[in-house]
Amino acid sequence: MLQYPLRMKLSASSLINRRQERTEEIVTVNIQTLMDLGWSDFYAQQIASDEADQIVPMRISTVHRVNMNALAEDGAHTLLPQVHQSTGDFAVGDWVLADPKTGQVLRTLERKSVLKRYASGSDSRSQLIAANIDTLFIVTSCNDDFKVEWIDLFLALAHDAEVYPVVVLTKTDTVHNPNDWISRAKALSPSLEVIGLDTADALQLTRLEEWCQSGKTVAMVGSSGVGKSTLLNELSGLSQATGELSSKVVQGRHTTTTRSLHRVKAGGWIIDTPGIRGLRLYDGARGIDSLFNDVADLANQCHFRDCSHENEPGCAIQAAISNGTIDIERFNRWQKLHQNGLQLQKRSHEATPSLGDQKRKKKPTQKKRR
Ligand SMILES: Nc1nc2c(ncn2[C@@H]2O[C@H](COP(=O)(O)OP(=O)(O)OP(=O)(O)O)[C@@H](O)[C@H]2O)c(=O)[nH]1
Ligand SMILES: [Mg+2]
Ligand SMILES: [Zn+2]
């Protein structure tokens, strides 16, 4: 029935030729070859040669309650999950195989990366933020939205998903000395990429293009009102709704309410997300310990397995602080993230996020030696 194996048909290298043949069309952002959509051999090799020819790879662009929008080489489609699934099983950015005639998803391809968090409150289910992304733009502003705890948690999220984090610091035009803010962000981690900008300045925005090239996908996360949708509009030429200028107006409500995938002028894709009020990481301890690997490695060397790193004998962390091997501030940040159960919540009446106030109770029990 098949004229040729689907794997061959969809291999990235064969698509390069098709792309070259269509050079004229590629200059317009509406043309979507699979490679333009972010397709690569990683996905192509997941397709067996005996899979039916009428099944088409598509990329999920929006997830609704009952259905999803997706993009394919021939344009936009509306898709339905399989009967045993819900749309919550899909992330914006997912690659699926679907029947274009019925709109039925047949399966989801293995993800290159996925950003997950727990649903809000005590709900133990995980929520998918975005999939198959290369870079995470952690968007914050030169104002009260700049919170070290939040940036740390988003960095841990990126580390856990193994995607490259970039801190995008907007609203540099609203402060006298933006370099002070940029330095504060850069001080968080020695190799951290920080881009400070005024989103209205097209020249400054070109500094983000390196992560937005053809075949690449970026997701943006951050509090409400930090300028994510404004960035999207500038990078894509779209007119996604943005918040009012006054931060008071956007406080307490989200202008963007759904996650969505959009083509940017530089050729890649960007996922806009609603402002995050609360963040509980999914398996976040791994991300935190990867972000603070120097501190986590030391903690593993303490004499007691459940060392609180305060005054126990044989505490490798206290020893490292005393001899200047690690910075106490860095240790405090690591400990704070663990103590707060990997959870930050922006209370509805608050202008800025604050750390939860629960403190880990000290165990009166005997310490366990390693
Ligand atoms: N002065 C200044 N204002 C900005 C900048 N970036 C964004 N804004 C303004 O900030 C407000 C909020 O921007 P949005 O893009 O809607 O913020 P958002 O992060 O998408 O917010 P949610 O969708 O609620 O998550 C808008 O009025 C923007 O014009 C900037 O660099 N400088
Ligand atoms: Mg928005
Ligand atoms: Zn210790």
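This is a predicted model: local features need pLDDT of at least 70, side-chain atom pairs count only at pLDDT 80 or more; totals for chains, interfaces and linings use all residues.

Trainee: How many residues are in the protein chain, and what share counts as buried?

Mentor: There are 370 residues, and 38% of them count as buried. Among contacts between residues at least 6 apart in sequence, 63% join residues at least 24 apart.

Trainee: Let's go inside. How many residues does the largest nonpolar core have?

Mentor: It has 85 residues. Val 96, Ile 138 and Ala 219 have the most contacts inside it. The largest share comes from helix H5, with nine residues.

Trainee: Why would such residues sit together?

Mentor: In soluble globular proteins, nonpolar side chains tend to be buried together.

Trainee: Which residues does Ala 219 touch, leaving aside its neighbours within four places in sequence?

Mentor: Its contacts are Leu 115, Ile 129, Ala 130, Ile 133, Leu 136, Ile 271 and Thr 273.

Trainee: Back to H5. Where does it run, and how many residues does it have?

Mentor: H5 covers residues 148-161, which is 14 residues. From first C-alpha to last it reaches 20 Å, close to the 20 Å expected at 1.5 Å a residue.

Trainee: Is H5 mostly covered or mostly exposed?

Mentor: Mostly covered. Twelve of its 14 residues are buried. Among them are Trp 150, Ile 151, Leu 153 and Phe 154. Asp 152, His 159 and Asp 160 are buried in H5 too.

Trainee: What follows H5?

Mentor: Glu 162 does, and its phi is positive, near 60°.

Trainee: Is Lys 171 buried or exposed?

Mentor: Buried, because 24 other C-beta atoms lie within 10 Å. Now try His 309. Its phi is positive as well, near 60°. His 309 sits in the loop between helix H11 (293-299) and helix H12 (316-322). With 19 other C-beta atoms within 10 Å, His 309 is partly exposed.

Trainee: Why does 19 give "partly exposed" for His 309?

Mentor: Because buried takes 20 or more such atoms, and exposed takes 12 or fewer. His 309 has 19, so it counts as partly exposed.

Trainee: On to strands. You mentioned Val 96 earlier. Which residue stands opposite Val 96?

Mentor: Thr 108 in strand E5. Strands E4 (residues 95-99) and E5 (residues 104-108) run antiparallel, joined by four bridges. Their hairpin has four residues between the strands, and Gly 103 there takes a positive phi near 75°.

Trainee: And E8? How many of its residues are buried?

Mentor: Seven of its seven. Thr 135, Phe 137, Val 139 and Ser 141 point one way, while Leu 136, Ile 138 and Thr 140 point the other way.

Trainee: In what sense do E8 and E9 pair?

Mentor: Parallel, over seven bridges. Thr 140 stands opposite Leu 169 in E9.

Trainee: Tell me about Val 139. Which strand holds it?

Mentor: Val 139 is in E8 (residues 135-141). Val 139 counts as buried because it has 25 C-beta neighbours inside 10 Å. The C-alpha atoms of Val 139 and Thr 170 are 7.2 Å apart, though 31 residues separate them along the chain. Thr 170 is one of the contacts of Val 139, and others include Val 168, Gly 227, Lys 228 and Leu 231.

Trainee: Last topic, ligand 1. How many residues surround it?

Mentor: 24 residues do, and the closest are Ser 224, Gly 227, Thr 242, Thr 256 and Gly 275. The shell divides into four nonpolar, 15 polar and five charged residues.

Trainee: Which helix gives the most to that shell?

Mentor: H8 (residues 228-236), with three residues. The buried residues of H8 include Lys 228, Ser 229 and Leu 231. The buried residues of H8 pack against E8 and E9, among other elements. Just after H8, Gly 237 takes a positive phi of about 80°.

Methods: Residues are numbered from 1 along each chain as its sequence is written. Chains are lettered from A and ligands numbered from 1 in the order in which they are written. A residue is near a molecule or strand if its C-beta atom, placed from the backbone, lies within 6 Å of it. Helices (H or I, at least four residues) and strands (E, at least two) are DSSP runs, numbered from the N terminus. Ala, Val, Leu, Ile, Met, Phe, Trp, Tyr, Cys and Pro count as nonpolar, Asp, Glu, Lys and Arg as charged, and the others, Gly among them, as polar. The expected span of a helix is 1.5 Å times one less than its number of residues. Two residues are in contact if their C-beta atoms, placed from the backbone, lie within 7 Å. A nonpolar core is a set of buried Ala, Val, Leu, Ile, Met, Phe, Trp, Tyr and Cys residues joined through C-beta atoms within 7 Å. Two strands pair if DSSP finds at least two bridges between them.
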